[in-house]
Amino acid sequence: MGTHNSESPARVSRRSFVGYVIGGTTLIAAADLGLTPSAAQAAPIPSVPQVPELYDLNDFLTHCAMPTSNLIAIEVDEKGHAHFALPRMEVGQGITTAVSMLIAEELDLPVDDVHVTLAPARPELLFNQLTGGSNTIISMYTPVRVAAAIARKALLDAAAILLGTTAAQLVAKGGVISAPGGSSVTYGEAAAKAAKPTTEKVEVKLKETSEHAVVGKPHRRVDARAAVTGKKKFAMDLDVPDALPTMVCRAPELNGTPVSIDNKGDVEKMPGVTHVAMIPTGVAVRAKTFGQCIDAVRALEVTWNSGTVTTMSAKDIKAELKAGQIPLAVPKVGATSVDGEFTFHFRSGSALEPNCAIADVRDGKATIWGGLKSPITAQEKIADALGLLPTDVTVNVVQGGGSFGRKLFFDAALEAAHASKAFGAPVKLMWHRADEPRQGRVHPMAVSQVRATVLAGSVLTFEQRHASVACDFTHGLGERLTAEVAALPTGLSNLSFSESIFMLATEMPYNFGVVTQLLNEPKPAVDRFNTSSVRNIYSPDVATASELMVDQLAKKLKQDPVAFRRSYLKSDVVKRVLDRAAELGDWGRSMPAGTAQGIAIHKEYKGATAVLVEIDCRPETVNREVRNAVTGPRVTKAVVVADVGLVINPAGVKAQMMGGFSDGMCQALTYSNHLVDGHFLEASWDNSAYTRQWNTPFEFECEVMESHGSQPGGVGEAGVAASMAAVACAYARATGEMPTEFPINFHKPLHFETKPFIPSVPESPTDGLAHTY
Amino acid sequence: MPSHTFQLNGETVTVDVEDDVRILWVLRDILGVTGPKYGCGINVCKACTSHINGKAFNPCSVRVADIGPDDEITTIEGLADTAPGDGLHPMQEAWLEHDVAQCGYCQPGQIMAAVALVHKVRAEGRAINEADLDTIRNVCRCGTYSRIREAIKTGQDAMARGL
């Protein structure tokens, strides 16, 4: 590992990078996607610090990007606009905006003149086209700027010839290049001249952070206007000729499969229906409208195989996890031990845009359109399923309506490919909402056991054993890890992939003597439950368990939770965010009985987050009535303070923290899937109880601290863990009882009547006009 | 095949489709008006929220046969035309000012719900309060709820000023 990351061949000196002007009729500036000065120097690794302090999940993801000597390219057109096809997927996390800002900055072009689209599957990039782990900006930061700087240099060189001067005399601003005498050319005019007949190697320097005029300033999302006018196109909004609506009738049990269709002829005769066929996961129906698909799915009579966890319920899985847990090393010793066991139930990873994709599989070729975060793996797996070569499968990446880890997989794209092949016609396949929590990917259930030992006023040991239902990582990174395993730091090579991910992501930032945090997945098969790396993977649960225990330790040592954390924290970055959150949130202010503050920290993604909340657990609040709503304790105020390294777009960072908070809060209080007798009961948003307006804090404040770091950190997931933990800690302080099951309402009587499993989807109501306002 | 006529974003439209097809699918699958989104199909998530005769409704839960030739449906695509001036509707401007959208999938429905809520509360002769905001049922899975609350207050003020 030691030499793996030293001087990349393309890197000439500290701020000088090499890239290319690609031969052609327009100006195309390119840089190696492997360029990165940001990954940690990973050797040697002392044994005492935990792995992520030196080499974390993002270093791993960044290193995965390094060996592929493949190029990303920025094209400047005749209007002087820059175009870049980003080999990542925008799902709302703001990467198209941040990348546009980086290009605008380095190219001296208005952000509006930069057009970032999403690249289709590029198999030559190997594993460098996976959107995950909040890694996009970390891994794109350098190559994107180098390509932009090369474009700028080429434009200046061309302008120098046009203006009869030298490039050094010229000033580029806002897409116009001016000479000292006042003459000027636009980027558009220079671009044609800047095109090169053959590819040339170019050396450039990048701007210093202190020179940045765009990066670091809040910028509205580049697609904001399209979003608010309804013009933003998601996969199901695309007009692909003859791709008719298609839905799937699914088994009553989780992962049940079809045996036979018992009334195919009748359903084929229903209004609008064009095709009915079995596919591996159910029975697909194609019709003129999705409404008619719903009607047909409801009318289908299908014989099903049983599912993968038939007869099992949440309590069985909990017993399985507890039985398989790695034992704690330190024995329980009377008054000196502080023990806790925490259960985290399944929760759906669904986005608001359901799983969906368009597929056209005809004549030995396949074309797919979908929101896909691992398009290369999707291409390979779809080709394999269809009996085609990957080169016969084109995978187009469309912006997604949220992901939260769900779109790492391509479940709907694979189904769409099967259905299109079976029908011999293009399909626009979409999951019904009811299928999302019931059959879609979930965050794996887990049981976390913690034991700490305290002696003579000090914490001597802190052990955490996190037993989890297997998390599915088969979307591409796994193979990369196998390939890279020899290069990984000491101790990682013997672990399973999940254990490695856990090891790379989990960090206990306190000086608690002997600290061990271990993951295991007692049943490693990933085909029992449909799981994925739902936003922030294991960290929210791990942090909630450990931060609740930190509060218990503070209590045992009769210390204030903030003062206790401050005295034991190892990292100044974490101390800074903690202190600032305590200050902004007026930590320690007097609160009425039944209400309390809670505070928690988290360190990951090369940064740190602290969250302070105030919660109201008084009966009049907890029992407030909203129709068909889960109310319960109300978080009335939230303060999030984040250090995310170098900030590209503060507005985007704050947005991600707000979203992370919404996730973390409901995971602590309301949001879950109940596994009962082999299937999940939840079938709608009202059932699952994700955060809604009636749960939202009246006050939300986020501060992004000016960072000491010179490289950007991860943003998309960084807000979840501390938010969930802070809400749990506040609840414990307000009620005097430490919660041990999450969400806390899991064992309350169900707040909904379970929708039938046959038919698999509910009928659309017809009384909408009775509910206007 | 039955024929259905109604007003859509200021124009008269006629579609040939079965009576019981819900308006959401008439808009999206037949007319290609894709601003209203599908999120549940059972009037829970509210992603398809649009206006009928100036009031918020959810087209996933209304049969096309249940509206008549004079009923005026406004989707997000037609919202700006319901406000004075050539630009966006003030609520859309407020959404831009607060940079509310993340993935953007729910936001057409959120904006349509917000405009209707402002009209409703104003008809009651008062301004929006926290309890009113708590009644909004639209799901945002990106969790932009706090910015939505702020944007609605800004949009309400701009609407009151007749912007």
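A crossing of two helices is right-handed if the near helix is turned clockwise from the far one by less than a right angle, and left-handed if anticlockwise. The exercises below concern a predicted model.

**Exercise 1.** Determine how H15(A) and H21(A) pack and what handedness their crossing has.

*Solution.* 
Step 1. Locate the helices: H15 of chain A covers residues 539-556, and H21 of chain A covers residues 720-735.
Step 2. Assign the hand: H15(A) passes H21(A) in a right-handed crossing.
Step 3. List the residues that meet. H15(A) contributes Ser539(A), Pro540(A), Ala543(A), Thr544(A), Glu547(A), Leu548(A) and Asp551(A). On H21(A), their partners include Ala721(A), Ala725(A), Ala728(A) and Ala732(A).
Step 4. Sort the residues of this contact by class: 11 are nonpolar, two polar and two charged.

**Exercise 2.** Decide whether helix H1 of chain B is enclosed or open, and identify what its buried residues pack against.

*Solution.* 
Step 1. Apply the criterion that a residue is buried if 20 or more other C-beta atoms lie within 10 Å of its own. The residues of H1(B) that are buried are Ile23(B), Leu24(B), Trp25(B), Val26(B), Leu27(B), Arg28(B) and Asp29(B).
Step 2. Draw the conclusion. Because seven of the eight residues of H1(B) are buried, this helix is largely enclosed by the rest of the structure.
Step 3. Identify the surroundings. The buried residues pack against strand E11 (244-249) and helix H8 (290-299) of chain A, and also against strand E2 (11-16) of chain B.
Step 4. Inspect the backbone just after the helix: Gly32(B) has a positive phi of about 70°.

**Exercise 3.** Describe the contact between chain A and chain B from the side of chain A.

*Solution.* 
Step 1. H19(A) supplies the largest share, seven residues.
Step 2. Classify the chain A side, which has 27 nonpolar, 22 polar and 14 charged residues.

Methods: Residues numbered from 1 in each chain as written. Chains lettered and ligands numbered in written order. Predicted model: local features only at pLDDT ≥ 70, side-chain atom pairs only at ≥ 80, totals over all residues. Axes fitted to C-alpha atoms, helices over the stretch in contact; angles between N-to-C directions. Helix = DSSP H or I, 4+ residues; strand = E, 2+ residues; numbered from the N terminus. Contact = placed C-beta atoms within 7 Å. Nonpolar A, V, L, I, M, F, W, Y, C, P; charged D, E, K, R; others polar. Buried ≥ 20, exposed ≤ 12 C-beta atoms within 10 Å, placed from the backbone.
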